[in-house]
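We will walk through the chain stop by stop, and each stop tells you what to pick.

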Amino acid sequence: MPDANWDFIIVGGGSAGCVLASRLTENDDCRVLLLEAGRDDAPGQEPWHIRDTFFSAPYHADNVWPDLKVHWTRPLSNHEPARPPQPYLQARVMGGGSSINAMAAPRGLPDDYDEWERLGATGWNAASVLPYFKRLENDLDFAGATHGNDGPITIRRIPRTAWPPFVAAVATAVETRGLPWIDDMNADHRDGVCSLPLSSTVDHRVSTAMGYLNAEVRRRKNLLIESRTCVTRLLVDRGVVSGVEIFGPSGSRIRRGKEVVLCAGTLQSPTLLMRSGVGPAETLANAGIKTQLDLPGVGQNLQEHPTLAIGGFLRRAGMQPDCLRPGISIMLRLTSNCAVSAPSDLFIGVPNKVSWHAFGRRVGALNIALNRPESRGEIRMVGTNLGPTPIFDFNLLGEQIDRERLRAGIREAFSIIKSQRVQELVLASFFASFSPRVLRANRRSWWNAAQTRALTTLLDLAGPLRSTVVDRLVARGPALDKIIDDDSALDAWLHRSCTGWFHPVGSCRMGAAADRLAVVDPADARVHGMRGLRIVDASLMPRIPRANTNLTTIMLAERFAEMLADPTRLNLKTP
């Protein structure tokens, strides 16, 4: 079977790739080869950090792409030094992002998908995608017309009676201000305090690898999985893709198939296209790559949710009990009310602990994200001594309106953490963001355990000097109260410190063939101008939804799997 001429070669065993491999092989006559660059764990034998319902998996090196770095922001002026590239935690393991993420499972708002259709993704409105959200989920809390109860992905919520102290205090504080309680944020789309849907059981994560590639699916004779196998290029000849070149444990080989489906994700799918000569001709030429197809939209329209946090060093009475593993129990959906804002353009997640170590267990946080950014970045190839190399340029907060709205979110979070109910549990508060230092501190080692234990002891003993210790040893930035009312100083800190929330989308967006910057046909995932090549992953999204993106990616794959399972759709369209 390894030398078979496959019906589908799926590149990437992530959130989308696992769905496609499972659904397409339900037809015994459909032969599928699934290629994954990372590790593949047998069902039930996943390591503890993958199964853990806390956010542990990203900090284990074998779960992510090594040395991957991105540019989060661009200098706002010619006089400002460029911010150095920052580490990016992209999954490289079967299940992709669903195997390492925080398991948050909101769907987004109906208008997110109606807007997809307005932007050219015909047929992808809210009413059309709802059946596929229902198909993927096994919701343990809700049923009826808006939910599924027999899908592969378990969805649950932490009941209010189990909320830890800091989370409960935040909820009380915002409800006192008039923000309503939302029982089911995936059906009730108002702003409010919401119990966060999670893609897990009480005991373990439910990734797409676990939900869609279980032992029964893996026994299918028409499915072959090759893990730790990288695709180095597509086999392109005169507008037709006939297979892929791979490099794996057995060296370099060729795999041929009728259809190649890229499910490598928003960063890797356009990179592989450009390495294979499919993309903006000028960019390819400058990188020394021969153009096979000039497709200007490849790598454009890159989007992310800009995010920052306000942390609170908690009294012991505010700590989360050990019996509750997930870090985040609730989220807040808010509207910034800036001059040009859309409903629910802000998201605040509320963890009661932020890491495994002594200090992380004493920190509650308000994680603020801009749910509906206007800024766009790009992925481009450049020539280097090592050959063509991708540059991932997110351009977060490149638009002034994004800075204004994230500033509003920070101020809202500051007012919440300074409220009387929350302050009863908080000894000191500080700005926080994901950084190389935070990444190093979250990796499990005796040294990190010892350092964080010493820091926690110092903060407990510091008394009136506690805020000074926090500013110098923890935040390493401006004090909250000194810049919170200063637009210029706050904007400078936001621009210097914000990161994405590891929700990249949009770099190969769906749209009509007449749209110069559209890459993929929304009817069947075919790459415009190519035969035998399709893309099914988050890179297709015309605009980022107002939610974590994993559930939307699974939904997208469910719908395209149904489309591709219809043999009348295959190889009928010419470039």
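**Before you select anything**

This is a predicted model, in which local features need pLDDT of at least 70 and side-chain atom pairs count only at pLDDT 80 or more, while totals for chains, interfaces and linings use all residues. Residues are numbered from 1 along each chain as its sequence is written, and side-chain values use heavy atoms, with hydrogens and water left out.

**Stop 1: the whole chain**

Show the chain as a cartoon and you have 18 helices and 23 strands in view. These are DSSP runs numbered from the N terminus, with helices being H or I of at least four residues and strands being E of at least two. Switch to the C-alpha trace, which spans about 70 × 55 × 45 Å along its principal axes.

The radius of gyration is 23 Å, which agrees with the value near 25 Å that a compact globule of 575 residues would have. That radius is taken over C-alpha atoms, and the globule rule is 2.2 Å times the number of residues to the power 0.38.

Now colour by accessibility: 59% of the 575 residues count as buried. Buried means under 20% relative accessible area, exposed means over 50%, and partly exposed lies in between, with a 1.4 Å probe and protein chains only. Among contacts between residues at least 6 apart in sequence, 71% join residues at least 24 apart; a contact means heavy atoms within 4.5 Å.

**Stop 2**

Two packed helices are described by the angle between their axes and the distance between the axes. The axes are lines fitted to C-alpha atoms, for helices over the stretch in contact, and the angles run from 0 to 180 degrees between N-to-C directions.

Select residues 15–24 for α1 and 550–564 for α18; the two pack at about 30 degrees with their axes 8 Å apart. That angle makes α1 roughly parallel to α18. The cut-offs are under 35 degrees for roughly parallel, over 145 for roughly antiparallel, 65 to 115 for roughly perpendicular, and oblique for the rest.

Show side chains next: Ser15, Ala16, Val19, Leu20, Arg23 and Leu24 of α1 meet a set in α18 that includes Asn550, Ile554, Phe560 and Leu564. By class, this contact of α1 with α18 has nine nonpolar, three polar and two charged residues. Here Ala, Val, Leu, Ile, Met, Phe, Trp, Tyr, Cys and Pro count as nonpolar, Asp, Glu, Lys and Arg as charged, and the others, Gly among them, as polar.

**Stop 3: α4 and α5**

Move to α4 at residues 110–118, which packs against α5 at about 120 degrees with the axes 8 Å apart. This makes α4 oblique to α5. Pro110, Tyr113 and Asp114 of α4 touch Ala126, Val129 and Phe133 of α5, a contact with five nonpolar residues, no polar ones and one charged.

While you are here, click Ala127, in α5 (residues 126–136). Is Ala127 buried or exposed? It counts as exposed, at 63% relative accessibility.

**Stop 4: α11 and α17**

Pick residues 400–417 (α11) and 487–497 (α17), whose axes come within 10 Å and cross at roughly 100 degrees. That makes α11 roughly perpendicular to α17. Gln400, Arg403, Leu406, Arg407, Ile410 and Arg411 of α11 meet Asp487, Leu490, Asp491 and Leu494 of α17. The classes here are four nonpolar, one polar and five charged.

Then step back to Gly398, in the loop between β20 (387–393) and α11. Gly398 is partly exposed, at 34% relative accessibility. Leaving aside neighbours within four places in sequence, Gly398 is in contact with Ser375 and Arg403. Draw a distance to Thr73 as well: the two C-alpha atoms are separated by 7.2 Å, although the residues are 325 apart along the chain.

**Stop 5: loops and positive phi**

Which loop holds Phe502? Phe502 lies between β22 (499–500) and β23 (533–535), and has a positive phi of about 60 degrees although it is not a glycine. At 24% relative accessibility, Phe502 is partly exposed. Asp524 sits in the loop between β22 and β23 and is buried, at 3%.

Finish at Asp67, in the loop between α2 (48–51) and β3 (69–70). Its phi is near 60 degrees, a positive value in a residue other than glycine, and Asp67 is exposed at 76% relative accessibility.
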